[in-house]
Amino acid sequence: MADNTAPEKTIRPAISRPVFERSIKIHSEQAIRVIRRSYGRLIRSLYAIDVILRIVGQEQAIDDIEAVVSKMIGDCALQLQQEKARLDKLCADNGIAESPKYTNPTDFKAKITSPQIAQFVELIKLLDLLMIAMDTLWLCQILTSKQCSTARYQWQQRLHRLARRIVTIEQRAHQAAYAQGRGEEVRMAREESGLMAEPEDPSENDNGSEPDEAEIEN
């Protein structure tokens, strides 16, 4: 009599990973939106890239992609720092020494599980500081409402676009694994790691519930 019993699914043991847990006060609406719409998706993609490349045995590729991602984030950070320095000079030239309070600041609880995630968290903090400087100049009538509104949107979108570019890197790694015949193995590993079986669409905004890694408390 044939044995029709399905083979038991092998479950890999959970991996114990190092993590820093940090609580950061975020003030501006633009930085809060980056956390809500892009941060969770970004860190899931970085984790998925690591999972995929280790399965297909491309250890060197992991280092290469980490270097690429670090440079992308670093370039954006430099642009933020340069603009912040320009606005700080405007404040100093106009004798402005105070900063506004915000009506609904947020405690951002970040779980730092890789150097690239730490970099992106610093990027969010830089964006927040830039928005505070910009709001200060607007409230003091140095910047017009139109100037401020346009700049807020542009800087917020710059971080959203950066996160989408990293999600695209995950998609390419995922597709390459399938092309190598490792698709089923990758799918199982993703699900066992708490990831979706397929990468998220980088063209879509994350307007759903907040991810665990980006827990926000008012």
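1. Which residues in helix 4 meet which residues in helix 5? Bear in mind that this is a predicted model. On the helix 4 side they are Glu170, His174, Ala177 and Tyr178, and on the helix 5 side Gly183, Val186, Arg187 and Arg190. Sorted by class, the residues of this contact are three nonpolar, two polar and three charged.

2. The geometry of that pair is worth a look. Helix 4 covers residues 145-179 and helix 5 covers residues 183-192; their axes lie 7 Å apart and the packing angle is about 135°. That angle makes helix 4 oblique to helix 5. Between the two, just after helix 4, you will find glycine 181 with a positive phi of about 80°.

3. I also checked the length of helix 4.

4. Next, please turn to helix 3 and helix 4. Their axes are 10 Å apart and the angle between them is about 175°, so helix 3 and helix 4 are roughly antiparallel. Helix 3 brings Phe120, Leu123, Ile124, Leu127, Leu130, Met131, Met134, Asp135 and Trp138 to the contact, where they meet Ser145, Cys148, Ala151, Arg152, Trp155, Gln156, Leu159, Leu162 and Ala163 of helix 4. The class count here is 14 nonpolar, two polar and two charged residues.

5. Helix 3 (residues 115-139) has a contact with helix 1 too: the two axes come within 11 Å and cross at roughly 170°. Helix 1 and helix 3 are therefore roughly antiparallel to each other. From helix 1 the contact takes Gln30, Ala31, Val34, Ile35, Tyr39, Leu42, Ile43 and Leu46; from helix 3 it takes Gln116, Ile117, Phe120, Val121, Ile124, Leu127, Asp128 and Met131. These residues divide into 13 nonpolar, two polar and one charged.

6. How many cavities of 30 Å³ or more does a search of the whole structure find? There is one, and the largest cavity holds about 60 Å³ of space. Its lining consists of Arg41, Arg44, Ser45, Glu170, Arg190, Leu195, Met196, Glu198, Pro199 and Glu200. By class, that lining has three nonpolar, one polar and six charged residues. Helix 1 (residues 29-55) gives the most to the lining, with three residues.

7. One link to keep in view while you inspect the cavity: Glu170 and Arg190 are among its lining residues, and Glu170 of helix 4 and Arg190 of helix 5 also belong to the groups that meet in point 1.

Key:
Residues numbered from 1 in each chain as written. Predicted model: local features only at pLDDT ≥ 70, side-chain atom pairs only at ≥ 80, totals over all residues. Heavy atoms only, no water. Axes fitted to C-alpha atoms, helices over the stretch in contact; angles between N-to-C directions. Helix = DSSP H or I, 4+ residues; strand = E, 2+ residues; numbered from the N terminus. Parallel < 35°, antiparallel > 145°, perpendicular 65-115°, else oblique. Contact = heavy atoms within 4.5 Å. Nonpolar A, V, L, I, M, F, W, Y, C, P; charged D, E, K, R; others polar. 1 Å grid on protein atoms, 1.4 Å probe; cavity = no way out; pocket = protein on both sides within 12 Å on 5 of 7 lines; lining within 4 Å. Points joined across faces, edges and corners; volume = space filled by probe spheres on them.
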